[in-house]
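The sequence and the model are shown first, and the description follows.

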Amino acid sequence: MKKKTFKDIDVAGKRVFVRVDFNVPQDDSGKITDDTRIRAALPTINYLVKQNAKVILCSHLGRPKGVFNDKYSLAPVAERLSELMNMPVKMAKDVIGTSAKTMTSEMKEGEIVILENVRFHAEEEENNEVFAKELASLADVFVNDAFGTAHRAHASTAGIAKHIPAVAGFLMDSEVVALSNAVENAEKPLVVILGGAKVSDKINVILKLMSKANTLLIGGAMANTFLVAKGYNIGFSKYEEDRIEVAKEIMEEAEKLNVKLVLPVDVVGGSEFSPTAKRKNFDVENIGSNYQALDIGKKTRKLFAKEIKNAKTVIWNGPMGVFEFKKFRKGTLAVAKAVAKSGAVSIVGGGDSVAAIQELGFANKVTHLSTGGGATLKFLEGATLPGVAMLEDKDSEKKKVKTPDFASVDKKTLEKPAAKKAASAKKPTVKSSKTKTTKK
Ligand code: AMP
């Protein structure tokens, strides 16, 4: 079902609450090291400003665990956004407190106010009903543009949509359209390329996409489990002992469905899991017992590139090797190059795959670079994303709840966390490169 977007409603003069994903990486001094996520929200913000809406932005940043912590303040984001928009961006000191309420109620048309980090309230991730109502009370309309968090049912991604009209932003809409088209209306041959750390993370995606794909290319540490399932000795490469049976079942299923499942025929081995490891090439039949597969080999790069060249549609998620180590990123870069040059409709998701495309300067040669990690995978497996499901359907004229009833809201309880400083809050967990996979 198609969802209404911000263009389907009249936003002029209205207070529009936009949930964005400004969860940007920062260095130790708080400097933003990659502003892609802020830039990705600009089309929606620009449009709303031009339509004379009062734009209220809401995002999380890191994992402050429900307490105020200066370190996770959105202040640096507000500053960067102001530079990118070339206009002032006002920053509220809290999320639903006096500052947020005063600033949002005094806004003029075309102005932007950004609220403090919504995860300074534990109620956000709990999808607390009262908190969601409080968020809704700041605005007339909700626009969800945070595709990256759409697989989470939080107060600012899903709960709020119960109380005010809710529609998709530009980024959300383009993700949903591109991903659904790639799966449901793919021009064949459809080549699906999956890599990364674990089979277990991607079983559902494999199963879902296998029923649609003509060819499935598997690389990365994921491929190791398949190689073990096929009886190869893989040195001390990472693999998942408890997924060997699943790998066997997937290979059998591929045969039944007439899907060409292609595994690496050679690998680049590393003497240790380190950027300075000694490198050696091995055919999969002869992987050295003192080595671990850290990338796909030269023959595999060619084999995969040949399959990708024949594709009319490509879906790619996950690196072919340890992309973080320069010595072991050739496989991922080769796939990125092949995808960009294929001329196929191409959908690329996952941090490392997107980074490889960007590193080669091929971003404009790819049909769609997905901004979601977990959300993209969930969408591809056909799961319902709460942040999408809560939005109004395109053909529905009925509004959900027009006037929220705030009489029952216990405001004091909710205003506390953002006002309090909690020096004890911990660092956010940055996406880890480590896997819990077993070593052989
Ligand atoms: P994912 O988040 O599932 O896309 O996995 C990405 C992670 O997989 C990256 O951190 C890579 O370093 C890791 N990875 C890919 N290939 C290998 C490999 N052959 N051995 C160990 N880790 C790998």
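## Glu109

Glu109 is partly exposed, because its relative accessible area is 48%, a value that lies between the 20% limit for buried and the 50% limit for exposed. This residue belongs to the loop that runs between α3 (98-105) and β4 (112-114).

Where does the chain meet Glu109, apart from its neighbours within four places in sequence? The contacts of Glu109 are then with Gly13, Asn52, Ala53 and Lys54. Val55 lies 54 residues away from Glu109 along the chain, and the C-alpha atoms of these two residues are 8.3 Å apart.

## The model and its confidence

The structure is a predicted model. Mean pLDDT for the chain is 90, and a value of 70 or more is reached by 90% of the residues.

Residues 398-440 form a stretch in which pLDDT stays under 50. For this stretch the model has 94 contacts beyond four places in sequence.

## His154

Is His154 buried or exposed? With a relative accessible area of 5%, His154 is buried, because the term applies to values under 20%. His154 is located in the loop between β5 (141-144) and β6 (166-168).

When neighbours within four places in sequence are set aside, the residues in contact with His154 are Arg119, Glu124, Glu125, Asn127 and Gly159.

## The ligand and its surroundings

There are 17 residues around the ligand, and those that come nearest are Ala197, Ala221, Ala293, Gly321 and Glu324. By type, the shell consists of 7 nonpolar, 5 polar and 5 charged residues. Two elements, α8 (220-229) and β13 (292-296), each contribute at least two residues to this shell.

In Ala221, a polar backbone atom lies 3.1 Å from a nitrogen atom of the ligand. In Ala293, a backbone N or O atom is placed 2.9 Å from a ligand nitrogen atom. On its own the ligand has 500 Å² of accessible area, of which the protein covers 91%.

Key:
Residues are numbered from 1 along each chain as its sequence is written. This is a predicted model: local features need pLDDT of at least 70, side-chain atom pairs count only at pLDDT 80 or more; totals for chains, interfaces and linings use all residues. Side-chain values use heavy atoms; hydrogens and water are left out. pLDDT is the predictor's confidence in each residue, from 0 to 100. Contact means heavy atoms within 4.5 Å. A residue is near a molecule or strand if one of its heavy atoms lies within 4 Å of it. A polar contact is a pair of N or O atoms within 3.5 Å; within protein, one must be able to donate a hydrogen and the other to accept it, and residues adjacent in sequence count only if both atoms are side-chain atoms. Accessible areas come from the Shrake-Rupley method with a 1.4 Å probe; for residues, only the protein chains shown count as cover. Helices (H or I, at least four residues) and strands (E, at least two) are DSSP runs, numbered from the N terminus. Ala, Val, Leu, Ile, Met, Phe, Trp, Tyr, Cys and Pro count as nonpolar, Asp, Glu, Lys and Arg as charged, and the others, Gly among them, as polar. Buried means under 20% relative accessible area, exposed over 50%, partly exposed in between (1.4 Å probe, protein chains only).
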